[in-house]
Amino acid sequence: FLGSTARSRMECSSDESSELSDTDIDDYAEKAYTDLKSGKLVARFGADRFRCPFCPGKKKQDYRYNELLQHAIGVGASNRAAKVKANHQALASHLKTDHADAAGSLPPRQAVALINPPKPVQDQELFVWPWMGILANVPVEQTQRGGAIVMQQLAGYKPIRFNAVHSPDGEYTGFAIVRFNKDWIGFKDALGFHNTYKSHHLGKTDWEASKSDKYMFAWLAKEEDYKADDPVGKFLSENGDLKTVAELQQEMSRKTDTLITSLTSQISAKSKYLMELECKCNQMDLALQRAMEDNDSLDQRYNEEMRKMQSTAREHSLKIFHETDQLRKQLDEKENDIKRRSKQLSEIVAQTDMERRKLENERKKNDGQNDSLNMARIEQEKANEGVRSLVEKHKKEKEAALNKILLLEKQLDEKHQLELDIQQLRGKLEVVKHMEGEGVDVKKRTEELNKDLQDRIDAMEDLEELNQALIIKERMTNDELQDAKKELISGLVDLLGPRSNIGIRRMGQVDEKPFIEACKPKYGAEADTKALEFCSMWQDNLRDANWHPFKIVTRGEKSEQIIDKGDEKLVGLKEELGEEVYKAVTTALVEMNEYNASGSYVVSELWNNKESRKASMGEVVEHILKQWKAKRKR
């Protein structure tokens, strides 16, 4: 890919740089023609094998004469660099002037158009074109059904149409006209037709000499027939023109040159457009490659920062817990020591006032130490509370997504409550309107209820707008997640294998292995083929929207769908192929009903192969990072 990209860049830039201007093309072309004519540059390598000496890097090297001539004319007339155009113009002149003999290998029409120069119009015989043959003494019965009998007799000359000639009053004249193809092959057939009848003395001169009506005479229509004042001449003048062979050669050559020029211009324009597209594609590839590299770099830096933060937080938490344990142990030891001392002091009987004072001082000292220990315990509890608050903060961040859903549900409940309040206020308003004359200030009460009703309606509209905004945001987020998930699945098809922890499971696809095992005892060597037939048939049954082998059961307050074990197809499958095949089909049924009940087709899903459950996006990303790291280490 890189090689092709570099080559495309070189081709894009080669047309932009040139050492010549358009005014120097003729001089340079003359120099290149001299090199070709002297043999310094070689274009011909055999009777009909040519090469372009100015395009050595092209895949196609060998050309026939007409192919290389068309190539040289096309490039010489294109918008390429002046030097390239001059070289190919010189090559075209060299082929036409010095290698015209090679044109004999061309097809007949091209050979005539390229080699035979048109002769002067005068001194050449005029023929009726399109080529026509005149038949005299044609029986009237042979003119029926479009002259089928005559056309069959002349089949060797390939006529394309038969016309009987009639007089102005509609009477058959005995003459008929046969037409041939307009090309040179048709002219050859017409000459053969003319010469055959002439060699059998049944040509025009023989007819004019004998005027016999026993035989059918025939000849090629020419100028004197065209200008004759009879029904045949009138037919020829109405359906053809007088042309010489040279005129037709010149006309066909002109059409060929026009076609070549048109095709050359189209090829040049398309080549230029293709090169522009290649340049744009290369630029987009480079931009995409840079973007991917930048994205990889950002991902790498983000992952490294996250690892550092997690490692720091883990070390900090472990340190706090370790220090807390040490302080708790020290506090427990000191508390036990104080209790032991208090017990000893209480058991000692004070004999003297001095001993009692000492005992009192000791107790006061112990009380002070107890107060210090209590303060330390309080500080420890505060530290523990700080740790718990950090844990709670992380927990709240994880529950943020759930809170959004609960917020939507709460707003929906508030909306319903507002709608109920509005209906109740409207009912009260109707009741107040009917209480006039019963000692109630109806107008004041009505204004209060209207004001309250309008406040509730405004609140409901605000809540509705907020609710719609949240719903739209949630849908957009969900759509983005689903699109990202689809792109991830399509990109991981080749990366994730069946033996890895994370894989791609085709939900709703029937497993082939139980079918193969069930078919081996019954079908022997044909077990694999029969298993594939059965598996394909049951996969089609799963796609059948008219087959729904489920029933609804109620468990407590919830209703759910389960497999209908009494379904005829499933019962027949179990009896024919056994329990394992039955399990494979019912498993695929449950998966398709869960993941794509409306579409009834197989859906790809990220799967935790180790735990046999649907994989989360976090697990998939973690698995990909592990594989990427492993590849980098290798």
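## Packing of α17 and α18

In this predicted model, helix α17 (residues 568-577) packs with α18 at an angle of about 145°, their axes being 7 Å apart. On the α17 side the contact is formed by Leu 570, Leu 573, Lys 574 and Leu 577, and on the α18 side by Glu 579, Val 581, Tyr 582, Val 585, Thr 586 and Leu 589. Divided by class, the residues of the contact of α17 with α18 are seven nonpolar, one polar and two charged.

## Packing of α16 and α18

Helix α18 (residues 579-595) also meets α16; the two axes come within 11 Å and cross at roughly 30°. An angle under 35 degrees counts as roughly parallel, and α16 is therefore roughly parallel to α18. The crossing of α16 with α18 is right-handed.

Trp 538, Gln 539 and Leu 542 of α16 make this contact with Val 585, Ala 588, Leu 589 and Met 592 of α18. The contact of α16 with α18 comprises six nonpolar residues, one polar residue and no charged residues. Val 585 and Leu 589 of α18 belong to the contact with α16, and Val 585 and Leu 589 are also listed in the contact with α17.

## Packing of α15 and α16

The axes of helix α15 (residues 513-523) and helix α16 (residues 527-543) come within 8 Å and cross at roughly 130°. The two helices α15 and α16 are therefore oblique to each other. Their crossing is right-handed.

From α15, the residues Phe 515, Ile 516, Cys 519, Lys 520 and Tyr 523 meet Ala 527, Asp 528, Lys 530, Ala 531, Phe 534, Cys 535 and Trp 538 of α16. By class, the contact of α15 with α16 contains nine nonpolar residues, no polar residues and three charged residues. Trp 538 of α16 takes part in this contact with α15, and Trp 538 also takes part in the contact with α18.

## Cysteines

How many disulfides does a search of the whole structure find? The search finds zero. For Cys 55, the nearest cysteine sulfur is that of Cys 52, 3.6 Å away. A disulfide requires sulfur atoms within 2.5 Å, and Cys 55 is in no disulfide. Cys 55 has 16% relative accessibility and therefore counts as buried.

Cys 535 is likewise in no disulfide. The nearest cysteine sulfur to Cys 535 belongs to Cys 519, at 9.9 Å. Cys 519 in α15 and Cys 535 in α16 are both among the residues of the contact between these helices. With a relative accessible area of 6%, Cys 535 is buried.

How values were computed. Residues numbered from 1 in each chain as written. Predicted model: local features only at pLDDT ≥ 70, side-chain atom pairs only at ≥ 80, totals over all residues. Heavy atoms only, no water. Axes fitted to C-alpha atoms, helices over the stretch in contact; angles between N-to-C directions. Helix = DSSP H or I, 4+ residues; strand = E, 2+ residues; numbered from the N terminus. Parallel < 35°, antiparallel > 145°, perpendicular 65-115°, else oblique. Left-handed = near helix turned anticlockwise from the far one by under 90°. Contact = heavy atoms within 4.5 Å. Nonpolar A, V, L, I, M, F, W, Y, C, P; charged D, E, K, R; others polar. Buried < 20%, exposed > 50% of the residue type's maximum accessible area, 1.4 Å probe, protein only.
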